[in-house]
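Please read this briefing alongside the sequence and the three-dimensional model shown below.

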Amino acid sequence: MGVERYRCYVHMPCVSLMEPAEIASGTIRHVEFAEFARLDEDWAQKRDYELSPRTFWVKDLLPEETEPGRWGPSPTEPVSSTARLIHYALLSVSRVLLPVPDLSMTYVAGVDDKPEYLRRAVGPYGRTWLTSRADWAHISGPDIARTVQIIDAWQKSGVNAASPELATLRAVSAASAGGMGEDAMMGLLLIALEGAVGTSPANGGSVEQFTRGLRPYAQPEEVPDFESYVASLYAHRSDLVHGRALAEVHSPDLRWTVDVLARIAEAKTLPPELRIEGTA
């Protein structure tokens, strides 16, 4: 008799939760060492793992959510897509760079009559974020509760991980993958920002259009001399696009750009009560 049920563990890289939460028909939670050791015994190092338990989205798979194959069942694209959607919600709430789950590890374990069943899907970065002491984004109880609300709102309105309205969060996710310097990350994010607010040669100067487009989302009062600040960011974007020397990037500029990209996605996809204060 075959395995009746499977449990899928999708690693959420660099996320540390203050408390677990039910989300998208599963649970996002820390997986304790004994449970992780069953999933990946050869790589399980108790001392390092217990200093910072890793966070997974854990979901029991329905028969229609698995793809039988030569090596047994694997999660279908809807399962992976939902994990990405949770990732985008965490980006929106935390406003920090977090690698997408597809880059890390996914495990499928047998439940019920054949508990020894185990299948691993290895992403491009393998176990990098499972076995290293990476910097973690600490997601508080209120923030994980807001993440759940965002996912509920997105799913009810038909927003999914591939929706055009989440393009700005996909750009943040792409910049989070690692391997880029801050200057290249900033260039990628500024190009996404320009695409989101729109500029056209027929409508006047690009910097002026960029500035006008950002005003509904950027809370200009938070930045002294808003026009000059945006002009300096646009100059950095132009340096990257035209192959000129890249200017030095400051972390506050990177954080500000990530924040505005998240606000744009929220404005396009969430009701006013779920957006952060100041989002159009």
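The points that follow take up strand pairing, backbone geometry in loops, a helix pair and the nonpolar cores.

The structure is a predicted model. Within it, β4 pairs in the antiparallel sense with β3 and likewise with β5, while helices α6 and α7 have axes that come within 9 Å. The largest nonpolar core holds 72 residues, and a second, separate core holds 14 residues.

**Strand pairing around β4**

- Strands β3 (21-23) and β4 (26-30) are joined in a hairpin with 2 residues between them, and their antiparallel pairing runs over 3 bridges.
- In this pairing, Ala-21 stands opposite Ile-28 of β4, and Ile-28 is also among the residues of the largest nonpolar core that touch the most other members.
- The pairing of β4 with strand β5 (residues 55-61) is antiparallel as well and extends over 4 bridges, with Arg-29 placed opposite Phe-56 in β5.

**Positive phi in residues other than glycine**

- Ala-24, which sits in the turn of the hairpin formed by β3 and β4, has a phi near 50 degrees, a positive value in a residue other than glycine.
- Ala-24 counts as buried because its relative accessibility is 12%, below the 20% limit.
- Cys-14 lies in the loop between β1 (5-11) and β2 (15-17), and its phi, near 65 degrees, is likewise positive in a residue other than glycine.
- Cys-14 is buried, with a relative accessible area of 7%.

**Helices α6 and α7**

- The axes of helix α6 (residues 167-175) and helix α7 (residues 182-197) come within 9 Å and cross at roughly 175 degrees; the angle is over 145 degrees, so α6 is roughly antiparallel to α7.
- The contact is made on the α6 side by Thr-168, Ala-171, Val-172, Ala-174 and Ala-175, and on the α7 side by Met-185, Leu-188, Leu-189, Ala-192 and Ala-196.
- By class, the residues of this contact divide into 9 nonpolar and 1 polar, with no charged residue.

**Nonpolar cores**

- In the largest nonpolar core, of 72 residues, those that touch the most other members are Ile-28, Trp-57, Ile-86, Leu-90, Trp-154, Leu-214 and Trp-256.
- Leaving aside residues up to four places away in sequence, Trp-154 touches Leu-85, Tyr-88, Ala-89, Val-159, Leu-166, Leu-169, Thr-269 and Leu-270.
- The second, separate core of 14 residues includes Ala-44, Tyr-49, Phe-56 and Val-58, and Phe-56 is the β5 residue that stands opposite Arg-29.

Definitions and conventions
Residues are numbered from 1 along each chain as its sequence is written. This is a predicted model: local features need pLDDT of at least 70, side-chain atom pairs count only at pLDDT 80 or more; totals for chains, interfaces and linings use all residues. Side-chain values use heavy atoms; hydrogens and water are left out. Buried means under 20% relative accessible area, exposed over 50%, partly exposed in between (1.4 Å probe, protein chains only). Axes are lines fitted to C-alpha atoms, for helices over the stretch in contact, and angles run from 0 to 180 degrees between N-to-C directions. Angles under 35 degrees count as roughly parallel, over 145 as roughly antiparallel, 65 to 115 as roughly perpendicular and the rest as oblique. Contact means heavy atoms within 4.5 Å. Ala, Val, Leu, Ile, Met, Phe, Trp, Tyr, Cys and Pro count as nonpolar, Asp, Glu, Lys and Arg as charged, and the others, Gly among them, as polar. Two strands pair if DSSP finds at least two bridges between them. A nonpolar core is a set of buried Ala, Val, Leu, Ile, Met, Phe, Trp, Tyr and Cys residues joined through side-chain atoms within 4.5 Å.
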